[in-house]
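Student: I would like to learn how to read a model like this one, feature by feature. Could we begin with the packing of a helix, and then go on to rings, single residues and confidence?

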Amino acid sequence: MTEEQETNKEMEYNQQQGGGGGEGEGEVDNLEEDNDEGDDDILVLRLSSSSTTLPVLEQDPDPVQEQPYVRRSVSAASGGGGRGGGGRPSRNSSVRRNSRNGRREGRRSETIEALYPWATKYRATVHSLEYLLSKGICTITGVVQCKRCERQFEIGYDLREKFKEVATYIARNKSSMHDRAPGVWLNPVLPKCKFCHQENIAKPVIAQRKKHIDWLFLLLGQLLGCCTLSQLKYFCKHTKNHCTGAKDRVLYLTYLCLCKQLDPSGPFDRES
């Protein structure tokens, strides 16, 4: 091989070596350019052979911070958390409560509808004996129910005769009663049933609403002991009598007060 041929081979070898090196340097330059031009969120790698990009997921935004739960105080919610605390009701709430109570009391009228000819328009009050006889009212009727056969029927009492019987009993025994109803009043003898003919069996039908109770019918039949203590207290309350105590005391006052309404001049005043 001549010297010229050796020189040409050496030049070709150098050119091949120089071309390979140039391609490697180009790939490095591309990587450096991509790193300089990339942003903070996406990183792109460019390959010189296929020019493929591989994205990196974007960073999630900052999560929203939840507000801490704040518990409302009882005083603040109820309006009672003033200077002194303690849940004290406000003045406005007291005024509203008082106004409601006033309206509730105002609804109750002093007069009621008289359901019986012998009853007045006032609660627990009947007409006098003289007035009733002048109006031709001589018989007082009411409804009873048999406790055995449970059938109801009406019975009537002679006004003059039955009142005289009750009044005479009070006049004779008042001093020995000591402001207490006797046993015959506490456990009265009931009428006879006209259907099953059973003795001491028919109980008076007493109205559920206290203002509708037929007080005169119960008095003449001496059946006031069939009333409950609450019903007797209702009578004494509306007739301005002392309405506390045991049933025998309240029952005694009910008898005397009704007799006093029928005959204001009779011996029916309470002993001092």
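**Reading the model**

Tutor: The buried residues of helix H8 pack against helix H7 (215-220) and against H9, where buried means under 20% relative accessible area, exposed over 50% and partly exposed in between, with a 1.4 Å probe and protein chains only. Helices (H or I, at least four residues) and strands (E, at least two) are DSSP runs numbered from the N terminus. This is a predicted model, in which local features need pLDDT of at least 70 and side-chain atom pairs count only at pLDDT 80 or more, whereas totals for chains, interfaces and linings use all residues. Residues are numbered from 1 along each chain as its sequence is written, and side-chain values use heavy atoms, with hydrogens and water left out.

Student: Which residues of helix H8 are buried?

Tutor: The general idea is that an α-helix has 3.6 residues a turn, so residues three or four places apart point the same way. In helix H8, which covers residues 229-238, the buried residues are Gln231, Leu232, Tyr234, Phe235 and Cys236. Just after H8, Lys240 takes a positive phi of about 60°.

Student: How many aromatic pairs does the structure hold?

Tutor: A pair of aromatic rings is described by the distance of the centres and the angle of the planes. Rings of Phe, Tyr and Trp (its six-membered ring) pair if their centres lie within 6.5 Å, and planes under 30 degrees apart count as stacked, over 60 as edge-to-face and the rest as tilted. The structure holds seven such pairs. In one of them, the rings of Phe153 and Phe195 have their centres 5.8 Å apart and their planes at 75°, so the pair is edge-to-face. This pair links distant parts of the chain, 42 residues apart, with Phe153 in strand E2 (residues 152-158) and Phe195 in the loop between helix H6 (183-186) and strand E3 (202-204). Phe153 is buried, with a relative accessible area of 6%, whereas Phe195 is partly exposed, at 31%.

Student: Which ring pair could I set beside that one as a stacked example?

Tutor: Take Trp185 and Tyr255, whose ring centres are 3.7 Å apart and whose planes are at 5°, so the pair is stacked. The pair again links distant parts of the chain, with Trp185 in helix H6 and Tyr255 in helix H9 (residues 247-262), 70 residues apart. Trp185 is buried, with a relative accessible area of 0%, and Tyr255 likewise counts as buried at 0%. Ring pairs link Tyr169, Trp185 and Tyr255 into a cluster.

Student: Is Lys164 buried or exposed?

Tutor: Lys164, which lies in helix H5 (residues 159-177), counts as exposed because its relative accessibility is 59%. The C-alpha atoms of Lys164 and Cys259 are separated by 9.9 Å, while the two residues are 95 residues apart along the chain.

Student: What is the mean pLDDT of the protein?

Tutor: pLDDT is the predictor's confidence in each residue, from 0 to 100. The mean for the protein is 78, and 60% of its residues reach 70 or more. Over residues 20-59 the pLDDT is below 50, and this stretch has 21 contacts in the model beyond near neighbours in sequence. Over residues 73-85 the pLDDT also stays under 50, and there the model has six contacts beyond four places in sequence.

Student: How many helices and strands does the protein have?

Tutor: The secondary structure comes to nine helices and three strands, which follow the pattern α-α-α-α-β-β-α-α-β-α-α-α along the sequence. Buried residues make up 28% of the 272 residues.

Notes: Contact = heavy atoms within 4.5 Å.
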